[in-house]
Amino acid sequence: KSTFISVISHELKTPVALIKGYADALSREDANWDRDTIQNGLAVIEEEADRLAELIENLLAASKLQAEGMRLNLDDVYLPRLAEQAIDRFQTQTDRHQLVAHFPPAFPVIQGDVVRLRQVLDNLLSNAIKYSPDGGEIVIRGSYDDQSVQITVSDPGIGLPPDQLERVFERFYRINNRQTQKAQGTGLGLFLAHAVVNAHGGQIRATNNQEGGATFSFTLPRRE
Ligand SMILES: Nc1ncnc2c1ncn2[C@@H]1O[C@H](COP(=O)(O)OP(=O)(O)O)[C@@H](O)[C@H]1O
Ligand SMILES: [Mg+2]
């Protein structure tokens, strides 16, 4: 679809242009940038490179999904560790948000595809940060019963229009309002997260928090 091509090329070109622009400016030999300017430029370069990496990751996953369906490489997965690793990766991207994980003791090891589940957590954390423009605490919480484990990712952000809580999992679906317009994206992250969770035999859904912000929860069957 032509909208697909134009969305994707816009999303690819914007970070590349910013990275090139800042790298050009910072490396100019006649310029005498002060430390703050240099730090600020490097921070933009790093952020835009992260954005590009996420986009490429999601594009590859989506086209792979379309070509061959979702094939899982099942292995032992210990979600508390996966969550800690995801937090470590994303905490370096922001100092306005505090990322924390809470898991109960004796959390079960499940059978899952580590690479895909990492991608689910990455997309949920990336959204939680992106759609919480004022910063604040982002919590990954785990729970379990005999049949399944449940993971929730809660943020203090802008939340979701109640009539679109299900549509956000559709491919390329993005909410279009004044608050979301500032954030860039392609609408692939939740589509992929949904596909991965379903392929595991689990469910994913979005809710709004009473105190504001959104919570995304997914379950995975235990099948230890
Ligand atoms: N944590 C969140 N809080 C508020 N809105 C969200 C959140 N996560 C996702 N959304 C909404 O759902 C849409 C789809 O998310 P996603 O598929 O990850 O696409 P993208 O982040 O590329 O826009 C987003 O455009 C945004 O409008
Ligand atoms: Mg996203």
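Reply: Start with the exposure classes. A residue is buried under 20% relative accessible area and exposed over 50%; partly exposed is what falls in between. The model is a predicted one.

R167 comes first. Its relative accessible area is 39%, so R167 is partly exposed. R167 makes a salt bridge with E170. The closest N and O atoms of that pair are 3.1 Å apart. E170 sits at 36% relative accessibility, so E170 also counts as partly exposed.

How many salt bridges are there by this rule? The count is six. The rule asks for a side-chain nitrogen of Lys or Arg within 4 Å of a carboxyl oxygen of Asp or Glu. Two further pairs deserve a look.

Take K20 and D24. Their side chains meet in a salt bridge, 3.6 Å from N to O. Why are K20 and D24 separated by about one helical turn? Because they are four residues apart in helix α1. K20 has 52% relative accessibility, so K20 counts as exposed. D24 has a relative accessible area of 43%, so D24 is partly exposed.

Now E48 and R51. The side chains of E48 and R51 form a salt bridge at 3.0 Å, N to O. Both residues lie in helix α2, which spans residues 35–68. They are three residues apart, about one turn of the helix. Is E48 buried or exposed? At 5% relative accessibility, E48 counts as buried. R51 is partly exposed, with 27% relative accessible area.

The relative accessible area of I5 is 54%, so I5 is exposed.

Next, the ligand. Ligand 1 has 21 residues around it. Which of them come nearest? They are N127, D155, R174, T186 and L190. By type, the shell divides into 11 nonpolar, seven polar and three charged residues. N127 brings a polar side-chain atom to 2.8 Å from an oxygen atom of ligand 1. T186 uses its backbone: an N or O atom there lies 2.8 Å from a ligand oxygen. L190 also uses a polar backbone atom, at 2.8 Å from an oxygen atom of ligand 1. On its own, ligand 1 has 530 Å² of accessible area, and the protein covers 98% of that. Elements that give two or more residues to this shell are α4 (114–130), α6 (189–199) and β7 (214–221). The largest share comes from α4, with three residues.

D134 is in the loop between α4 and β4, where β4 spans 136–144. Its relative accessible area is 75%, so D134 is exposed. D134 and N73 are 61 residues apart in sequence. In space, their C-alpha atoms are 38 Å apart.

T94 sits in the loop between α3 (79–91) and β2 (97–102). Is T94 buried or exposed? Its relative accessibility is 11%, so T94 counts as buried. The T94 side chain makes two contacts to look at. One reaches the backbone nitrogen of R96 at 3.1 Å. The other is a polar contact of 2.7 Å with the side chain of H97.

F169 belongs to the loop between β5 (148–154) and α5 (178–181). F169 has 8% relative accessibility, so F169 counts as buried. F169 and L124 are 45 residues apart in sequence. Their C-alpha atoms lie 12 Å apart in space.

R167 with E170 has its closest N and O atoms 3.1 Å apart. K20 with D24 has 3.6 Å. E48 with R51 has 3.0 Å.

How values were computed. Residues numbered from 1 in each chain as written. Chains lettered and ligands numbered in written order. Predicted model: local features only at pLDDT ≥ 70, side-chain atom pairs only at ≥ 80, totals over all residues. Heavy atoms only, no water. Near = heavy atom within 4 Å. Polar contact = N/O pair within 3.5 Å; in protein donor to acceptor, adjacent residues only side chain to side chain. Areas by Shrake-Rupley, 256 points an atom, 1.4 Å probe, with all protein chains shown as cover. Nonpolar A, V, L, I, M, F, W, Y, C, P; charged D, E, K, R; others polar. Buried < 20%, exposed > 50% of the residue type's maximum accessible area, 1.4 Å probe, protein only.
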